[in-house]
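Please look over the sequence and the model shown here before reading on. The paragraphs that follow lead through a few selected places, beginning with a question about one residue.

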Amino acid sequence: MLTAESVSFGYGGAFTLTDVSVEIAPGSLTGVLGPNGCGKTTLLKLLCGVLRPDRGRVRLGDRPLGSMTRRELARHIAVVPQETHPAFDYSVMEMVLMGRHPHLGAFELEGPADFEVARQALDATGTSHLADRRYMTLSGGEKQRVIIASALAQATEMLLLDEPTASLDLGYQLEVASLLARLNRERKVTMVLATHDLNLAASVCHQLVVMRGGRILAAGATREVLTGKTVRELYDVDADVQFHDRAGHLTVVPVKRIDG
Amino acid sequence: MVRARLTSVVCAYGALALGACLAAPLIGSTHISLARAFDRSVPFADNVDAQIFFVARMPRVLTGAIVGSTLAAAGVVMQALLGNPLATPFTLGVSTGAALGAVLAITFGSSLAVGVLASVPLASLAGAVVASAIVYALATRPGRPISTMVLLLAGVTLNAFFSALILFVQYAADFTQAYRTIRWLMGDLDVGSFAPIVASLPMVLLSLGIFAFLPRPLNLLSVGADTAATRGVDVGRTQRLAFLSASLATAAAVSLAGPIGFVGIVVPHLVRLMVGVDHRVVLPASALFGAAFLVGCDLVARTVLAPVEVPVGVVTAMVGGPFFLWLLVRKS
């Protein structure tokens, strides 16, 4: 259980995030929705301990994140950032093996067991055939799947993803969405997914946390929280939210922007 | 897999470095033989080959090996720290600080009688330390990771500022002092004896010792600071260690032999072309290849226009300048 209790945080000035509380239950898949600048990324960074809250606290089980080393934290929580731009042209296998870092001693090199974990992670993300390729030569969708594989190689029970589909085309968006759903279902990986993509959230998330202006507007089961009213409040957009039989989940069709 | 590659690369590059260090003292105006130089049956006082090998040429070759090795390794660390493959050990102002110290000692040392600081190596070391301390103080905030952007800006600005001060001191210098300054800035591996080498060893060994802890964290850091943090790297500590050890290595090299350019960028890139980009392989391979590279460049500097010597910094620049441009063109 990952818990944020009345967390507030500011980058020097006013709070970017004010009095935010969330509970991430084991095995759940939680979406974090909200307009640009609402604090989604900041919330993720607080949940993984990259940022420390100014007020309130974040706990993993009953331990505050502040009391854990980076190495300990990295064995429990892995993160997939929006985009990854390495300064050097690592191979896909090297990128994925970097996920093993928190499990290795200071001078230890990866052994057969680590390679096995990496290969399974590549398998799970459908990127085994890319193992010897250079990361920089991959397409956007392939890169994102490799980064997810690298996070999986960390062998954590929890995965935080920051807009993992933001720079992907429709085909890759659906591919990543089904990958996340499958990992959550089959590997029991707990996930928190910050996204702008309401239909992605509708298709994979069990529950949603909806944010605006650094505060939580609503939280709960996806079918209860994701309504036309929520979309209007978040984005000033009039939208039809309906259950789509063929897709098997709620869909959001934006109709028009409401002025004023 | 990583272990096998690491072992074979270290053996190959180690053999290259060792070969360069043994072959280079044999070549020069007087031809000597390796067998006779190591012939223990002749007393050292009578063995001309051994005297030329060990006394006349070995200090210079060893200096080349140490300076080449530290600059190349420091280049690797700086490039990973700044997340910029075009960074060099001199990017953050260490060498310009050292140069300012040296120029001050050359110009005012004799008249001011400031004791040990009148010695050019000590003054340049002091300059390097001051420059690193300023950049470090500007770029670090307690408890936060270093901003590489601030680090880079602080380094570039300090480089420009110290260069201006060097010009000003040059303007105040007389002809002989100005000439000595220019010669120092070209870099010179001819340190004369083993004493300066021994004096630099503690700093060199300390920085190499710290480098040994850095490769895997540097791999992650060069992927992104936040990513490194979530993969379990203590980013702030890695950055501080990388900055301090690379600065120390650079300061040791520059105070020993002057600012010899391009070693810190040419060698890491050549090595990456041959062995890939994993820092666990690149860092030791660069340290070894850097030694062979600078010893080789110095050999060219000594022999190409013999009996006239070309400054070794000119040779490394002749090799490095076009190579650097080729890298830039290739990247874009």
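Where in chain A does Asp236(A) lie? Asp236(A) is found in the loop between helix 9 (228-235) and strand 11 (237-244) of chain A, where helices (H or I, at least four residues) and strands (E, at least two) are DSSP runs numbered from the N terminus. This is a predicted model, in which local features need pLDDT of at least 70 and side-chain atom pairs count only at pLDDT 80 or more, while totals for chains, interfaces and linings use all residues. Residues are numbered from 1 along each chain as its sequence is written, and chains are lettered from A and ligands numbered from 1 in the order in which they are written.

As for confidence, the predictor gives the complex an ipTM of 0.90 and a pTM of 0.91. Chain B averages a pLDDT of 89, with 96% of its residues scoring at least 70; pLDDT is the predictor's confidence in each residue, from 0 to 100.

Most residues other than glycine have a negative phi. Asp236(A), although not a glycine, has a positive phi of about 55°, and Ser6(A), also not a glycine, has a positive phi of about 40°. Ser6(A) has its place in strand 1 (residues 2-9) of chain A. Asp236(A) counts as exposed because it has 12 C-beta neighbours inside 10 Å, and Ser6(A) counts as exposed with 12 such neighbours inside 10 Å. A residue is buried if 20 or more other C-beta atoms lie within 10 Å of its own, exposed if 12 or fewer, and partly exposed in between, with C-beta atoms placed from the backbone.

Strand 7 (residues 158-162) of chain A has 5 of its 5 residues buried, so this strand is largely enclosed by the rest of the structure. Met158(A), Leu160(A) and Asp162(A) are buried on one side, and Leu159(A) and Leu161(A) on the other. Strand 7 of chain A runs parallel to strand 6 (residues 77-80) of chain A, joined to it by 4 bridges, and two strands pair if DSSP finds at least two bridges between them. In this pairing Ala78(A) has Leu159(A) as its bridge partner. A further 5 bridges join strand 7 of chain A to strand 8 (residues 190-194) of chain A, again in parallel, and there Leu161(A) stands opposite Leu193(A). From strand 7 of chain A the chain crosses through helix 6 (residues 170-186) of chain A to strand 8 of chain A in a right-handed β-α-β crossover, meaning that, with the strands pointing away from the viewer, the path from the first strand over the helix to the second runs clockwise.
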